[in-house]
Number of protein chains: 2
Amino acid sequence: MSTRDRRSNRRRERREREPAPIAKAVEPLVNKLPLTEVLSEEGVDAIHRASMRLLKDNGILVIDYPPALETFRAHGARVEGELVQIDEETLLHFVQQAPATFTQLARNPSNTLPVGGRNIIFAPVYGPPFVGDLDRGRRQATLDDFQNFAKLTYMAQHLHHAGGTLVEPNDIDLPERHLDMLLAHITLNDKAYMGSVTHADNARDTVTMTEILFGAEAIRQNPGVISLINASSPLRFDDRMFGALEVYAHARQAVIVTPFIIAGAMSPSTMAATLAQQNAEALFGICYAQMLNPGTPCIYGSFLANIDMKSGAPCFGTPENALALYAGAQMARHYKLPYRSGGNFTASRIPDAQAGYESAGTIWPTVQAGVNFVLHAAGWLEGGLITGYEKFILDLEMCGMMARYVNGIGLSDEDFAWDAYAEVEPGGHFLGAQHTMRHYTTAFYQHTVFSMDNYEKWEEEGSHDSYRRANKIWKQMLKEYEAPPLDEAIAAELNTFVEHRRAEIRAGQPRAEWKS
Amino acid sequence: MSTRDRRSNRRRERREREPAPIAKAVEPLVNKLPLTEVLSEEGVDAIHRASMRLLKDNGILVIDYPPALETFRAHGARVEGELVQIDEETLLHFVQQAPATFTQLARNPSNTLPVGGRNIIFAPVYGPPFVGDLDRGRRQATLDDFQNFAKLTYMAQHLHHAGGTLVEPNDIDLPERHLDMLLAHITLNDKAYMGSVTHADNARDTVTMTEILFGAEAIRQNPGVISLINASSPLRFDDRMFGALEVYAHARQAVIVTPFIIAGAMSPSTMAATLAQQNAEALFGICYAQMLNPGTPCIYGSFLANIDMKSGAPCFGTPENALALYAGAQMARHYKLPYRSGGNFTASRIPDAQAGYESAGTIWPTVQAGVNFVLHAAGWLEGGLITGYEKFILDLEMCGMMARYVNGIGLSDEDFAWDAYAEVEPGGHFLGAQHTMRHYTTAFYQHTVFSMDNYEKWEEEGSHDSYRRANKIWKQMLKEYEAPPLDEAIAAELNTFVEHRRAEIRAGQPRAEWKS
C-alpha cells in the first residue's frame, strides 16, 4: 500500500466519523424539458465543417509552449513554427476519448456533482477585480471579499458549486493568491470547487491540496477539482493556459476549455463564423487534453459576447448572445461533450433594471439550451469587472426559479385537481379548496428578494427597490454564516502545505514535491 | 350601391390622394426559429381531454345574458339555468370554423398586420388605472396620459399595434371614456388598434368609428379592430363580455378570448388543472363567436399568473408563468388558432432590477413559445396596475432585441467570413477587417436605453441608472412627436360622431344607429 493509499484510507475513516454537515446539501438540478434549439441539423453540420476547415487550413497558434507543439506533432498534427494544423480525423479521434459525463467530488459527499447529460450546475461569478455594493460603490476586491463570497456561496441553496476566482484578492501578492483562494473554498464551503490556472505550479498546488482533501487515489477515479482553460482567441492558446491544462490532464482533473470571444473583435461580427471559430478552439483544447491523457474529463466551454459597435464594450443579454448560447449547446451535444456557457450576465454597473433584463435574458436561454456547467450564475456586474454583493443575492432568485422551471408540468390525476372542481362551483374561488390546502406550500416558487407587495405596503415600508432589499439580505447571511466542520487533521495538513508553499514562493525557491 | 358602399368608395379615393405617412412603418416580425415546447404530444392530449371533461361535466356559467344561453341551446349545448355544458364534438365543430390566420387593417396600409402562423405582434400595456414615472411616482391616470402613451406607441419602432386601454383616463366619465380612447388611437397613431368591451353599446361605437375610418365593406373582408374578451374565471363569462363579443362577431371583427387566471385563486394551484381550465374557457368563448358568425377571426388568449401564497398578490416572470405560457401556445397550435399571451410582466412597482428580471423572464418565453399577439409588451408595472413611462421605454429595448432574435443565425458563405480569416492571422484582431467594416452597422443589436459605458464614464456622466436614462428618453420622444396625417373628411366625421354620441350618453338617450 502506497503512502497515498494509506492517507486515503485514513481519510475515509475520518470522514465516516465526521458529524453530518450542517448546511443543507444542494439539490442536483436535472432538466426534464425539451431543449430549445436554433440550428437545423444542416446548420450544425455547416458549423462543424467550417471549424474543421479553420483547424486544417488556418490552424491554431500555440505560443511560448514548445512541449505542446511536440505533443501535437507526435500525435499526427502538422506543426510549423508555433502554428498547429490538424485534420478532422485526427482531431475527432482524440476528442471522442473525452467522457460524455463525469462526476466531480465535493468534501460534503452529498454535494458531489454529476456533470453532463441533463444535469445543470450553478457556480458563482469568476474573475472580477472589483467588488461593488450599495453602501460603498465599486472598489478593489480583497481577500475579505473573497471569503465573504465563499461564505455566501456556501449558504446559497441554489448554487451547486463553490466556483473559483470569486473576486481577485488584490491585497494578497499575486504569486501566492491562489493558496488563499483554495484555502477559503475548502475551509469555508463544502461544495465542489475550481482550481488555479495562473501558472503550472499553481495548478500543481491545486492538485496537491485536492489530494490532501480527498486522497490521491480518489481524485484519479473522479476529479476533485475543475479548472477553466481559456483560449486566447482568435485561434490561439498560450503557455500559461496550456501549462495548467497539462498539469490537470496528467492528474486526471477536469478542465473547461473555453474560447473567450467578444464577437466583432476576437472573431468576425457574424455569428456563423464566430461559432465555427469557437468550435475549432474548444475542440483543439479538448483534443490536447486527450492527447496528454485519454479520458481526461473535459467540458466544451463557451464565453461569447458581442462588441458594442459604438463604445467597443462587450454587450450581454443580447439576441446574438442567446443565439450563440443555444447554437453552442447544439455543437457540444454533437460531440457528446458536457457544455459550459451562460450565467446572469449584464453590462450594467449596478443592479438596475438593465441588469435585470440582461441577466434574465441570459439565464433563461442558459437553462433552456441545456447548459451543464453555468459559471457566473450569481454576482456578475459590468461585463465581469465587478462582483456585486446585491447582484449576487438577486441572481440567486433566478437560480431558484430555474430549479423549479426544469421540472416542467406534472400531469398526474392529482395535478388535474378533479376534487377541486368537484368542490368549487363555476365562478367560485379555489383559495380555500382542499386541493389548494394540500399544495399551497409547494405549488409555486416562493421569492426571497423579489417583492409582490402592493404599492401602499411597499411605500409604507420605505419604497425600497430590489437593490436595497438585497443589501439587507447579504448582510444578514454573513451574520448567520457558520463554517461547515472540516476534519482537523486535513485542516492542519492543508495549512502546513500552504505555509510551506508560501515560504517557498516568498524565498523564490522552486516548487518541491509535497509529501505528507 | 348602398350608402355604406358609397362611403367606402369615397374613402378609397381619399386614401389614394393622401400623402405617404411620415412615421416609419412597423416591420412585421416573423419567428424563423424552432419553437420551445414543454409538453409532449401526450401532454397536449391529456390537457385537451381534461378540458373536454370540464366542459361536458362541470360546464361554464354564463351570467346575466340569456341571449347567449339561447344561442348555445340552439346549437346543441345542454343548458340548465345559466350553466352551459357542451360535448367535445359540438364544441370542436364550431371551434374549427375560426380561421388559422387573418389580417387586421391599419389606417397606414403599411401597418396592416398578419395575425397567426409565425407572425408576432407587439402591443402596449392594457388596462392600468394608474401611471407612474420617476418624477411624480404613482398617480391616477388621465386622458392626457392616455394620449401620451398613444403618441409614444406611434413612435415606438418595435410596437406593431396601437393597443387598447393604454391607461384608464379617470378624468373622463366612464360612459364616454371609450370615445376619447378610440379617437386618440385613430388620430394620434396610424397602427391597428383595439376596441371597447365595457358595454355592447361601446362595442357598437367602436365598430361605427372603425367603419368611418376604413369603410363598412372593407372591415367585413379584414377586421379593422380587435377586442379583448375576458372570461370571468373560473368557468364563467358575463353579460358585459359576451354582449361585446356578440356585437363584434356579428360585425366580423376580431376577438381575443382570454381566460384571466391567477392560479391558486381563480384556478387550482397545479398547472395541469389551470391549463385545462384555461383551455376550456378559451375554446368556449371561441365556440360562441363561431356559433354567432362562423369564420369570425378569434385569438386563443392566455393571461395566466400565479398567486403569491404569502401575500395573495399575483406573481410574474415566474417558472410557473413560463411553463404555462409555453404549454398554452402548444394548446392553441393544437386547435390551429392564433395565440395571445405574455408581455413584459412584473409585480414590481418601479422599474428596478426585479422588474427587469421578471419582464425579461416573460418576454423571452413569449417569443420562444410562438405567441402571435403580445399584449402588454411595453409599460406594465405592479401586476398591471401601473403604466410606467420609464418602464415603457425600457420594455421597448426588449422588443427591439426580440426583433433581432427571431431571425436566427445566417449560414451563408458571407456569414462564415472566410475573407476575414484570410485577412486576420491567428491571435489577431477583427475590428479593422474588411468583413467587419462591411457588417459593423448591422451586425449586432444596437441599444437605445441600455448603456454599455464603463464605470468611469458612467460615473462621470452622473451615475444614472436605467430608470433615469429612460426618463430622459420618453420626455424627448413626446417633444418630437408629430401626428400622422389623417384625411380631413374622416377626421371631421369621427368628431361629429363622437360629439353626437357624447350628447346621447349625457342625455341618457338610447344609442341611435349612425348614418353618415
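In chain B, strand β8 (residues 130-133) is joined to β9(B) by four bridges, and the two run antiparallel; strands are DSSP runs (E) of at least two residues, numbered from the N terminus. Within this pairing, F130(B) has Q140(B) of β9(B) as its bridge partner. Both strands belong to an open sheet of four strands in chain B, ordered β9-β8-β20-β19 with mixed pairing, where two strands pair if DSSP finds at least two bridges between them. The edges of the sheet are formed by β9 (137-140) and β19 (380-381) of chain B, each of which pairs on one side only.

The model is predicted, and local features need pLDDT of at least 70, whereas side-chain atom pairs count only at pLDDT 80 or more. Residues are numbered from 1 along each chain, and side-chain values use heavy atoms, without hydrogens and water.

Chain A is superposed on chain B by a rotation of 180° with 0.0 Å of shift along its axis (RMSD 0.0 Å). The two copies are thus related as by a two-fold rotation axis. They meet through the same surface, because 100% of the interface residues of chain A are also interface residues in chain B.

D352(B) lies in the loop between β17 (339-340) and α12 (353-369) of chain B. Leaving aside neighbours within four places in sequence, D352(B) contacts (heavy atoms within 4.5 Å) D352(A), A353(A), D465(A), S466(A) and R469(A). A polar atom of the D352(B) side chain lies 3.0 Å from the backbone nitrogen of S466(A), and this side chain also reaches the backbone nitrogen of A355(B) at 3.1 Å.

Key. Chains are lettered from A and ligands numbered from 1 in the order in which they are written. A polar contact is a pair of N or O atoms within 3.5 Å; within protein, one must be able to donate a hydrogen and the other to accept it, and residues adjacent in sequence count only if both atoms are side-chain atoms. Copies are superposed by least squares on the C-alpha atoms of residues with pLDDT of at least 70 in both.
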